[in-house]
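This report describes how the parts of a predicted model meet one another. It takes the interfaces in turn, beginning with a pair of chains and ending with a pair of domains.

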Amino acid sequence: MDFLNALVALLNFVVIPATAYGAQLALGALAATLVYGVLRFSNFALGDTMAFGAAVVILFTWWFQSMGISFGPVPTAILALPFGIAAMSAVALLTDRTVYRYYRRVKAKPVIVVIASMGVMFIMAGITRMIIGVQEIQFADGQKFLIDPTAFRTATGLNEGLALRMTQAITVVTAGLVVWALFWFLNRTRTGKSMRAYSDNEDLALLSGINPERVVAITWIIASGLAVIAGTLYGLDKSYKAFNYFALLLPIFAAAVVGGLGNPLGAIAGGFLIAFSEIGLTYAWKKVASYILPESLMPDGLMQLLSTEYKFSVSFAILIIVLLFKPTGIFKGKAV
Amino acid sequence: MTNARNRTLILFALMGLLLLLEGTVHWQVHPLNADAAGYTILSGSWNVVLEIVLMCLLSAIMALGVNLQWGYAGLFSTGIVGFVALGGLAGVLVSLPPVTAVWNAAGVGRLVVALLTGLGVVGLAVFAYGHLKGRARTWGVTAILVGGFFLYRAIFDPAVAYIEANDPAAAGNIGGLGLPALVAWPAGALMAAAAAWAIGKTALGLRSDYLAIATLGIGEIIVAVMKNEDWLDRGVKNATQIPRPWPVPTEVSLQESQRFLDFCANWGLNPVNASTIAVQLLYALLFTAVLLLILWACELALNSPWGRMMRAIRDNETASGAMGKDVTKRHLQVFILGAAICGMAGAMLVTRDGQLVPSSYTPLRFTFTIWLMVIVGGSGNNWGSVLGAFLIWYLWNKVFDWGSAAMWSATQYMDPASGLKTALTGSAEQMRTIVMGVILLVVLRFAPKGLLPEK
Amino acid sequence: MSKAPQATAEPLTHSDSHARPKGVSGKEPFLIGENMTGGYGAADILHGCTLAVEKGQIAVIVGPNGAGKSTAMKAVFGMLNLRGGRVHLDGEDISSLSPQERVRKGMGFVPQVNNVFTSMTVEENLEMGAFIRTDDFRDTMAQVYDLFPILKEKRRQPAGELSGGQRQQVAVGRALMTQPKVLMLDEPTAGVSPIVMDELFDRIIEVARTGISILMVEQNARQALEIADMGYVLVQGANRFTDTGAALMADPDVRRTFLGG
């Protein structure tokens, strides 16, 4: 019984949140890695792309809610996602047209493009905060729990209640579908393959008659889609605050680098690695331990290795370790 | 050559003119339905000008540091905010008086032991990594680090609890060494240099994106530590009453000085206003002296064989590497130097503000704007960095005012209760962000060499 | 400029600016880069260089290091701006076309390095080769597999995991997927063992037999000239000797200077 309680507590406070968070990071890291692979720069505007996209989704959600449209137990925001993606794709294509394309033409050094992406980041951040404000926004509606902790406790007789929030389940399911669709696209379609070819060897892709501008445009659309979905899921799962998305940049980049920049599979693995490390190291293990350790062995403290304020230092530490020992990432990436 | 010099002189003169206008012309707009006070376009106040100029001077020092890294060596770092914040921390740790109640074996003593233990563990791990092989190495190093971590926490946690329990409303920290504020400046440089060494060792020599990502991380972590480690700097409770550097007096002491009062009477000045301005002026002189010193050193370095080699490496890393130059080592040097200058400016900043506010260290304010200054001024040109710092900081201040004024004017015929009006008039802060971003993109695209191009 | 013709009276001995007007040999070669002058930057690398290949034949460009061999071939493919001269394919002037447009006109190019998509499987490499084709290219793929049976065996493997010789086969196969009329190879045997080299040359002969013209740059001059219908010896961006492969091999001057005796 104690063992089951410990297991439920572990699922409840570590496995489920980390899986949901990992899925969000993985989607973000996929966007980062795709842009890196095709456009060959680290897009610092990614965090604010997520914030902007999620803001548009929230606006549509409110509009739908005001018209009485809902999606049953599923948050209305999921219904608004396609609109957010469409808007974000348009913005990304416009940005590419006005900013990035020029640097591609003159074959600017990647670092110049990174600086340009910082400029884009600030403009996007400003616009986002202008249209939606800087306050914290809860926009998850629909059913709150898929597995209700109280009901679970009554049903099983355990002390610990297992909670699976709707947003967490939606996150994992959506992320799974998106990743499946993305890999199907990259590995099975002619356009997807041409994208991989361009990312692999730009000159040879040109020789093969692949149109670089088309590849770039598709990359922006896909990356926007991933970013909006990641941003919306993150906002649903936690809450939406425009400022928070900049801070997501570090774990997302860390996930992409750890997995090997330019490698989609690596980005997913990196996302989950970062999420589980972050939550595992900042979780107070006392609760789980109290079920399995005998009274005499219980330590006094919370058994928390790192305070939650330092969760970003976990991604940083992992990033540094990888850079020190395996700069191309766990899965082989493009960059050294 | 003379052309470049004329350009420099003219642009600096124009900048001076902008500041002169700010100090002499008072201009406000009064849109309908707005506050009676109106919205300022130009303040006409020398106090405001001095306030802006002081930050311009400090920003110029930071920009010189970044120019060293970027303009000379082509290193792209996004952790400037971290180095500036570390400098601020140095201000606290060096110049605040010690909190004597915790300077005993249970408090600071134990803390020092903990930190030494931590260092020892890392040293041991590095030693083991160098002397063990294969699986023994992996497990050995892991065991040392994990065991060491728990040992460190076992010593460290009680010390922190003890220190933070001491009068948390007023103290709860260890205080500082009680040394003069001027000592904090070089100390800030040293602390930033140490952090830069650690990060440079890891991320230099890899491709440029990795340095950008790694420095982004170090910047965030330094600020997170300063926000959360109350024992160190009181965290978000802010460390206050950081002493002023010699020879800057307090306004009150000036107002009590008979000589100063006589002086004011002679010139027909209001002693309260005059004392404020006198203090600002003294700071300005002090900061200008430091700025000129660093500028002189940077110019000297730029035109020395070292500077030429640095630019040669920047322009063609492969060729320089092939010619036997140790590129990574040179990059590490210049990265540390640049960070040290930013750290020094950070220390100067807190000794002027009189307090350390960890939450004020945002990347927007201390990383992005400094970058903007360097790029707008002209990457690789030290005078450009100074000019860029003045111009951008001036705009940073004014765009906020102008944005408010513009929004109120544009919406003056709208329904005061309308949500759109509230959103627009409340967005001056956002407008500043957007304008800065637009400036960066425009300069990068249409004048990538900046206002004063590198010679 | 180039030296006078040596010990032979063939009309194609020498490429002075106007040495080969259309009428002389009856009809223009299938592909000809005539009197090409130009380089990547300010300085010219090519000085009035002429290369030509007939349908189904193999033309080989040899010469010392830095002679502009690869540059000459890239010029034919449109990868640098020519200041003088012109390129004709099947009687059509293609001088102003981009490399991509030349691919569509029926030219296939295999670069010396980075000539495969390393992270993609062999089959995907071939598919990418056929990217511009909108028709069914399965037949062509089968032909490539017939030509290089090892590729069929490894078709699900990433090209980056193959050996050097196998990679070159992928590279050639990729270029063949557009069903080119001319195949241009930049040092196809660089860095492979002599045995693999012989095999590659055999395959190249087979490709030529299907009616595809081959223009290739080779470091291994002796072996390459053995299979060449026409050989071009370039020195400092200009033609030094031009003759059939066999004639060049027999020329004592060529032997002494370029083939090591």
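## Chain A against chain B

The contact between chain A and chain B draws on 49 residues from chain A and 43 residues from chain B. Together the two chains bury about 4,100 Å², and carbon and sulfur atoms account for 77% of that area. On the side of chain A, the residues that lose the most area to chain B are Phe122(A), Met130(A) and Tyr310(A), although these three together make up 16% of what that side buries.

Four helices of chain A each give two or more residues to the side that touches chain B, namely helix 3 (76-105), helix 4 (110-132), helix 10 (244-259) and helix 13 (311-325). Helix 4 of chain A gives the most to this side, with 15 residues. By class, the side of chain A that touches chain B consists of 39 nonpolar, six polar and four charged residues.

## Chain A against chain C

Where chain A meets chain C, 15 residues of chain A are in contact with 20 residues of chain C. The area buried between chain A and chain C is about 1,600 Å², with 56% of it coming from carbon and sulfur atoms.

Two salt bridges are counted between chain A and chain C. The side chains of Lys193(A) and Glu127(C) form a salt bridge with an N to O distance of 2.6 Å. Between chain A and chain C there are also eight residue pairs in polar contact, both residues being at pLDDT 80 or more. The elements of chain A that give two or more residues to the side touching chain C are helix 7 (190-200) and helix 8 (202-207), and helix 7 of chain A gives the most, with six residues. The residues on this side of chain A divide into six nonpolar, five polar and four charged.

## The two domains of chain B

Within chain B, the domain assignment gives domain 1, made of 2-98 and 175-446, and domain 2, made of 99-174. The centres of domain 1 of chain B and domain 2 of chain B, taken over C-alpha atoms, are separated by 34 Å. The contact between them involves 12 residues of domain 1 of chain B and 15 residues of domain 2 of chain B.

About 1,000 Å² is buried between domain 1 of chain B and domain 2 of chain B, and carbon and sulfur atoms give 58% of this area. In domain 1 of chain B, the residues losing the most area to domain 2 of chain B are Pro98(B), Trp231(B) and Arg234(B), which together supply 61% of what that side buries. Helix 8 (residues 230-233) of chain B provides the largest share of the side of domain 1 that touches domain 2, namely three residues. That side of domain 1 of chain B has six nonpolar, two polar and four charged residues.

Methods:
Residues are numbered from 1 along each chain as its sequence is written. Chains are lettered from A and ligands numbered from 1 in the order in which they are written. This is a predicted model: local features need pLDDT of at least 70, side-chain atom pairs count only at pLDDT 80 or more; totals for chains, interfaces and linings use all residues. Side-chain values use heavy atoms; hydrogens and water are left out. Domain bounds come from an automatic or database domain assignment. Contact means heavy atoms within 4.5 Å. Buried area is the accessible area (1.4 Å probe) that two parts lose on being put together, summed over both. Ala, Val, Leu, Ile, Met, Phe, Trp, Tyr, Cys and Pro count as nonpolar, Asp, Glu, Lys and Arg as charged, and the others, Gly among them, as polar. A salt bridge is a side-chain nitrogen of Lys or Arg within 4 Å of a carboxyl oxygen of Asp or Glu. A polar contact is a pair of N or O atoms within 3.5 Å; within protein, one must be able to donate a hydrogen and the other to accept it, and residues adjacent in sequence count only if both atoms are side-chain atoms.
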